[in-house]
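Open the model in your viewer and keep the selection panel at hand.

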Amino acid sequence: MNKVLVIGAGAWGCAISSALHANGNDVTLYHYKKDFIEILSSTKKHPSLPNFNFNDEIKLTSSTECFVDADYVFIAIPTQSIRFFLKNADFDPNTNIISLSKGIEKETYKLPSQIIQDCTKLDESNICALSGPSHAEEVSCNIPTTVVVAGPNMTLNRNIQKLLSSTYLRAYSNSDLIGVELAGAIKNVISIASGICIGLGFGDNTTAALITRGINEIARLGRTLGAEESTFYGLAGIGDLSVTAFSKHSRNRNFGIEVGKGKSAIEVIRETNSTVEGYFTSEALHSISIDNNVEMPISQSIYKILYENLSPKQAILDLMTRDLTHENN
């Protein structure tokens, strides 16, 4: 039996814990707040997952003692928190770490797997990422879902596929780690754009345009940074972008809706009780695209709305009146 540790008792961490346990793994779920763990232990429920119940065999803890003997460690915490958390964590040098985070660190412009390697000094062969269209609200209810495991070590990827795959959760493998992580991060920015358009009262045509032109932007940057273009037309790319742009479960989309209705980004951040990865990724992406001379008009427009107080209506007007060009230029 594999000993699996899941770090982060948010909705996604809980859903993954349940899926791993259902496949016969010895699962421990860690959260840094002892009082929150006590709530989960007593209620067997997560406040964001009303239809979900913890199995009694899943161990819930706020003690870091569980870090030392895990075969696999799934990290399900916000990207901006990974470095701070890992500075105080101690893992076995042979531990395999799987990142579930989707973002770009705003200070360093690094992806989650790169942050993990920085902090743990693990070999890259011990690190991979899990991504794809997978809302916790649906995975926790055993609704059929597909995801992708990406990393340079295909043996590790296949092991994670086996750990996760069941009659309702199917995992594919991919060796393009940077492409999968870039897609997972940037789709959150495009999802904010989708929400803004909904907040402005626009319809399905606009959302479809954002998805198709958005994936074009993501792939353009990905090619420049060495990713495989095919990745962006798979689960981590068009798959994850579609679900987060259209779904009521998407935090980034819901954040964008409020911004589109006229609230400032800071106002919405203060009101919400959940992490909006796209807000922070937008800041890092702005600099990355400029540094690499990659044109990303939708992403740059979102940055201007969130950080430079550009009116959403003006941003849409600016995008619609850009110079006409070939679709695949």
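Select Gly-262 first: this residue follows α10 and has a positive phi, near 120°. Helices here are DSSP runs of H or I with at least four residues, strands are runs of E with at least two, and both are numbered from the N terminus. The model is a predicted one, in which local features need pLDDT of at least 70 and side-chain atom pairs count only at pLDDT 80 or more, while totals for chains, interfaces and linings use all residues. Residue numbers start from 1 along each chain as its sequence is written, and side-chain values use heavy atoms, with hydrogens and water left out.

Step back to α10 itself, residues 251-260. Of its 10 residues, 7 are buried (under 20% relative accessible area, with a 1.4 Å probe and protein chains only). Colour them: Asn-252, Arg-253, Phe-255, Gly-256, Ile-257, Val-259 and Gly-260. What do the buried residues of α10 pack against? Their partners are α7, α9 (235-246), α11 (265-271), α12 (277-291), α13 and α14 (contact means heavy atoms within 4.5 Å).

A cavity is a set of points on a 1 Å grid over the protein atoms alone where a 1.4 Å probe fits but cannot get out; lining residues have an atom within 4 Å of a point. Points are joined across faces, edges and corners, and a volume is the space filled by probe spheres set on them. The structure has 2 cavities of 30 Å³ or more.

The largest cavity has about 80 Å³. Select α7 (177-199), α13 (297-307) and α14 (312-320), each of which supplies at least two lining residues. The lining includes Cys-197, Leu-210, Ser-301 and Pro-312. By class it has 11 nonpolar, 1 polar and no charged residues (nonpolar: Ala, Val, Leu, Ile, Met, Phe, Trp, Tyr, Cys and Pro; charged: Asp, Glu, Lys and Arg; polar: the others, Gly among them).

The second largest cavity holds about 40 Å³. Its lining includes Lys-102, Ser-131 and Glu-181, and divides into 3 nonpolar, 4 polar and 2 charged residues.

Finish at the second largest pocket, about 740 Å³. A pocket is an open set of points with protein on both sides within 12 Å along at least five of seven lines. Among its 23 lining residues, Arg-213, Ile-298, Leu-319, Met-320 and Arg-322 are the closest to its centre. Helix α8 (204-224) gives the most to this lining, with 8 residues.

How values were computed:
Buried means under 20% relative accessible area, exposed over 50%, partly exposed in between (1.4 Å probe, protein chains only).
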